[in-house]
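Subject: Structure handover and findings

Dear colleague,

I am passing the structure below on to you, together with an account of what was found in it. Please look through the model first and then read the notes with it open beside you.

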Amino acid sequence: MTALSTTEFATPMAAGSWRSGKDLALAVNWQGMGDNPVQLQDGRVLIAGGQDANFGSVSACAVFDPGSETWTATGPLTDGRSGHTLTRLPDGTVLAAGGLPTPQTSPAGLATAERFEPMSGKWVPAGSMSVGRAAHSATLLADGRVLVAGGYADRSGTSGTTATAEIYDPDAKTWTAIEPMNDARSVHQAVLLHDGRVLVIGGTADVGSGTYTDLAFCEIFDPATGEWTPTGSTTRPRFDGTATVLLDGTVLVTGGGWPGWVAGWVFNSGSDWTTERYNPRTGTWTRDADLSCARLYHRAVRLRDGRVLAIGGANATNVSTGLRSTAIYDPETKSWQPAAGLATGRWAFGALALADGRVLVTGGVDHLDGSSSNWRLTASTEIYTPSEGQQ
């Protein structure tokens, strides 16, 4: 089952092409903002943890070789994790922090962290954060340290969003708590700006009794001063969208969740189709060209020429079906054009640009199995090759 839209199938005008790669050994999905696959220094790609078809966090890890287009199992995580973050450090190791364990012994998440050593294929302990958290953000700073902020955390024995933040020093192998954000948030985006500051965007906040509100509030962390400063709010509240730093230093956000009144008497109960760009020089957001359809739990990958490929996702309130459609954004013309469609619709999957300019997509949720009301995951892998001139 796949969702149908005007961009759902490749057309003569669709850019690029997809081809199938080897399947994963285990079908997994990644619903966090920072658990996306990471590229190792030698060009291979590491996936670690995630959630299986039974909603359990897994410890399985694998490495993708772009040359042979195959996956090879590597050392498992010490702790199964989902909703965690993966960050490649300057020395080539990869930091995995936080996330939900299985069985879930904490109402929020893990405080532990570990580092993957590519040469040995093993994970080693990397200390513990001051608080267990999941659905947080992790941003590699210009000096090689890692800023971790927000997420779901333990609040008096129950789960709630947190404003706490801390920094991991890979040389000293220590975690240090820093000034908290101005707003508690989870499932938000955080990106490193060209000037070395970190922009944190939207997310959701716990307002009590199991109720959450979507955020438009944004703020900036300055590593030089260690301070958080509010900046312009997005034109719409959004969570689980994408944020991409463009070549000119502006930041493009796409889609995400945004229930509310749209225009006139139209109520949007699902995900968002709008985009907007942040200008770090002015601290303001400006509405940009709309996507052809709403997307939630999708991915956006910047291509070599500076354009952005938006991939898959879901557009229904119950995220029952993964989208096959993809689209390419041109920052110069501020417009979207259809790109070749995936063979398998998916949401909550992994995607990143390979060193040779191609784009890797793997895993995720295909659709909701109507007979059991469970998500059907896909283990398939697909590789996108941009059209001539897009690389």
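Predicted model: local features only at pLDDT ≥ 70, side-chain atom pairs only at ≥ 80, totals over all residues.

The chain contains 37 strands and 0 helices, and of its 391 residues 59% are buried. Among the contacts between residues at least 6 apart in sequence, 53% join residues at least 24 apart. The chain exposes about 15300 Å², and carbon and sulfur atoms supply 52% of that area.

The largest pocket holds about 1400 Å³ of space. It is lined by 44 residues, of which Asn36, Pro37, Ala190, Val191 and Ala243 are the closest to its centre. Two or more lining residues come from each of strand 2 (38–39), strand 6 (85–88), strand 11, strand 17 (189–192), strand 23, strand 29 (299–302) and strand 33 (350–353). Sorted by class, the lining of this largest pocket comprises 23 nonpolar, 16 polar and 5 charged residues.

The second largest pocket has a volume of about 460 Å³, and among the 20 residues that line it, Gln31, Ala135, Tyr152, Val187 and Tyr297 lie nearest its centre. The lining of the second largest pocket divides into 10 nonpolar, 8 polar and 2 charged residues.

Cavity

The structure holds 1 cavity of 30 Å³ or more, and the volume of the largest cavity is about 60 Å³. Its lining is made up of Val187, His188, Gln189, Ile201, Gly202, Gly203, Arg238, Phe239, Asp240, Gly241, Thr242 and Val253, which by class are 4 nonpolar, 6 polar and 2 charged residues. Val187, listed here in the cavity lining, is also one of the residues nearest the centre of the second largest pocket.

Threonine 242, one of the residues lining the largest cavity, sits in strand 23 (residues 242–245), which is among the elements giving two or more residues to the lining of the largest pocket. Threonine 242 counts as buried because its relative accessible area is 7%, under the 20% limit used for that class. Leaving aside residues up to four places away in sequence, threonine 242 touches Gln189, Leu252, Val253, Thr254, His298, Arg299 and Ala300, and with one of these, threonine 254, its side chain forms a side-chain polar contact of 2.5 Å. Between threonine 242 and alanine 190 there are 9.7 Å from C-alpha to C-alpha, although the two are 52 residues apart in sequence.

Threonine 139 is found in strand 11 (residues 137–140), another of the strands that give two or more residues to the lining of the largest pocket. Its relative accessibility is 6%, so threonine 139 is likewise classed as buried. When residues up to four places away in sequence are not counted, threonine 139 is in contact with Arg145, Val146, Leu147, Ala190, Val191, Leu192 and Val198; of these, Ala190 and Val191 are also listed among the residues closest to the centre of the largest pocket.

Threonine 161, finally, belongs to strand 14 (residues 158–161) and is buried, with a relative accessible area of 4%.

With best regards

Conventions: Residues numbered from 1 in each chain as written. Heavy atoms only, no water. Helix = DSSP H or I, 4+ residues; strand = E, 2+ residues; numbered from the N terminus. Buried < 20%, exposed > 50% of the residue type's maximum accessible area, 1.4 Å probe, protein only. Contact = heavy atoms within 4.5 Å. Areas by Shrake-Rupley, 256 points an atom, 1.4 Å probe, with all protein chains shown as cover. 1 Å grid on protein atoms, 1.4 Å probe; cavity = no way out; pocket = protein on both sides within 12 Å on 5 of 7 lines; lining within 4 Å. Points joined across faces, edges and corners; volume = space filled by probe spheres on them. Nonpolar A, V, L, I, M, F, W, Y, C, P; charged D, E, K, R; others polar. Polar contact = N/O pair within 3.5 Å; in protein donor to acceptor, adjacent residues only side chain to side chain.
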